[in-house]
Protein chains: 2
Amino acid sequence: MNPSESNVPLAGQIAWNADGLVPAVVQDAVSKEVLMLAYMNEESLRLSLESGQTWFWSRSRNELWNKGATSGHTQQIVSLHYDCDGDTLLVKVRQNGPACHTGAYSCFYREGSVSGDALSSQVGDPQQAQPEDRFSPL
Amino acid sequence: MNPSESNVPLAGQIAWNADGLVPAVVQDAVSKEVLMLAYMNEESLRLSLESGQTWFWSRSRNELWNKGATSGHTQQIVSLHYDCDGDTLLVKVRQNGPACHTGAYSCFYREGSVSGDALSSQVGDPQQAQPEDRFSPL
């Protein structure tokens with residue numbers, strides 16, 4: 001059988017962690033920016049694939065979380081991949097508005113750098129963070 | 001003070017998990033492909049920033065791991081960002097050779113899809129996975 005034609009239950013392919021969760025990297029399918037990382041349980045994975053929008057498990061609130069349900073900043077799923085050992089998801093989305101609760105386009109708006117021998121960080125203004133910023137090398 | 005000028009220890013900005021680790025998303029700085037996710041502890045973060053190459057903490061082997069030290073498929077760090085709540089890193093790299101131990105360019109070569117009402121997966125051949133494949137929408 002051509003392996004590209006195999007069709008097996010997705011949830012059974014995932015190496016859920018001890019809490020029944022898997023980290024999901026969310027990437028903008030258009031700009032290719034990495035927007036955020038959140039966690040899915042099996043129910044949120046099922047809801048995501050059924051609805052075509054991202055659902056996560058909030059570890060702080062201990063509840064299912066439909067991204068953007070309150071803010072309107074939803075994520076339409078374009079594709080979903082899982083990695084070689086099945087313990088991480090990659091979800092490519094069409095992002096409506098900012099992905100970060102701070103108002104930043106991406107949650108990764110703060111850059112760490114090496115200053116002399118010390119580990120340091122450059123704290124950016126999330127309101128000013130634009131997709132183009134993320135493409136700049138150090 | 002302009003927040004973009006602040007300079008604070010990076011390790012202290014990270015919300016290390018109960019095991020002293022933080023997930024690190026590794027992205028190709030050129031193609032923007034997400035290559036893999038691995039975990040860093042404080043020592044591997046320090047080694048990464050000091051050497052300019054990625055170091056991780058292997059959860060299966062319980063040891064520090066210099067990515068590519070054996071295979072030659074090293075990752076030169078271009079930039080390092082951390083997210084809004086400090087519990088995830090985004091490391092942009094120049095990838096030498098394939099990132100995945102299977103020989104695939106990216107560890108995310110397997111695609112999940114909805115087949116009827118069932119969650120299913122399409123198992124691709126990692127040897128055939130090329131960067132261009134990852135850019136195709138469903």
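## Around A:Gln95

A:Gln95 sits in strand β7 of chain A, which covers residues 89-95; strands here are DSSP runs of E with at least two residues, helices are runs of H or I with at least four residues, and both are numbered from the N terminus. This is a predicted model, so local features need pLDDT of at least 70 and side-chain atom pairs count only at pLDDT 80 or more, while totals for chains, interfaces and linings use all residues. Residues are numbered from 1 along each chain as its sequence is written, chains are lettered from A and ligands numbered from 1 in the order in which they are written, and side-chain values use heavy atoms, with hydrogens and water left out.

Is A:Gln95 buried or exposed? A:Gln95 is buried, at a relative accessible area of 14% (buried is under 20%, exposed over 50%, partly exposed in between, with a 1.4 Å probe and protein chains only). Its side chain makes a polar contact with the side chain of A:Gln75 at 2.8 Å, and also reaches the backbone oxygen of A:Pro98 at 3.2 Å. A polar contact is a pair of N or O atoms within 3.5 Å; within protein, one must be able to donate a hydrogen and the other to accept it, and residues adjacent in sequence count only if both atoms are side-chain atoms. Leaving aside residues up to four places away in sequence, A:Gln95 touches A:Asp28, A:Leu35, A:His73, A:Thr74 and A:Gln75, where a contact means heavy atoms within 4.5 Å.

## Chain A as a whole

Chain A has 1 helix and 9 strands, running β-β-β-α-β-β-β-β-β-β along the sequence. Of its 138 residues, 51% count as buried. Among contacts in chain A with a separation of 6 or more, 43% come from residues 24 or more positions apart. The chain exposes about 6,100 Å², with carbon and sulfur atoms supplying 48% of that (Shrake-Rupley method, 1.4 Å probe; for residues, only the protein chains shown count as cover).

## A hairpin and the helix

Strand β2 (residues 22-28) of chain A pairs with β3(A) in the antiparallel sense over 6 bridges; DSSP has to find at least two bridges for two strands to pair. In this pairing, A:Ala24 stands opposite A:Ala38. The two strands make a hairpin with 5 residues between them, and A:Lys32 in the turn has a positive phi of about 70°. Strand β3 (residues 34-40) is mostly covered, with 7 of its 7 residues buried.

Helix α1 of chain A spans residues 42-51, and its buried residues are A:Ser44, A:Leu45, A:Leu47, A:Ser48 and A:Leu49. Just after the helix, A:Gly52 takes a positive phi of about 80°.

## Aromatic pairs

Over all chains there are 2 aromatic pairs. A:Phe56 and A:Trp65 form a tilted one, 5.1 Å centre to centre with 50° between the planes. In chain B, the rings of B:Phe56 and B:Trp65 are also tilted, with centres 5.2 Å apart and planes at 45°. Rings of Phe, Tyr and Trp (its six-membered ring) pair if their centres lie within 6.5 Å; planes under 30 degrees apart are stacked, over 60 edge-to-face and the rest tilted.

A:Phe56 is buried at 0% relative accessible area, whereas A:Trp65 is partly exposed at 25%. Over in chain B, B:Phe56 is buried at 0% and B:Trp65 is partly exposed at 25%.
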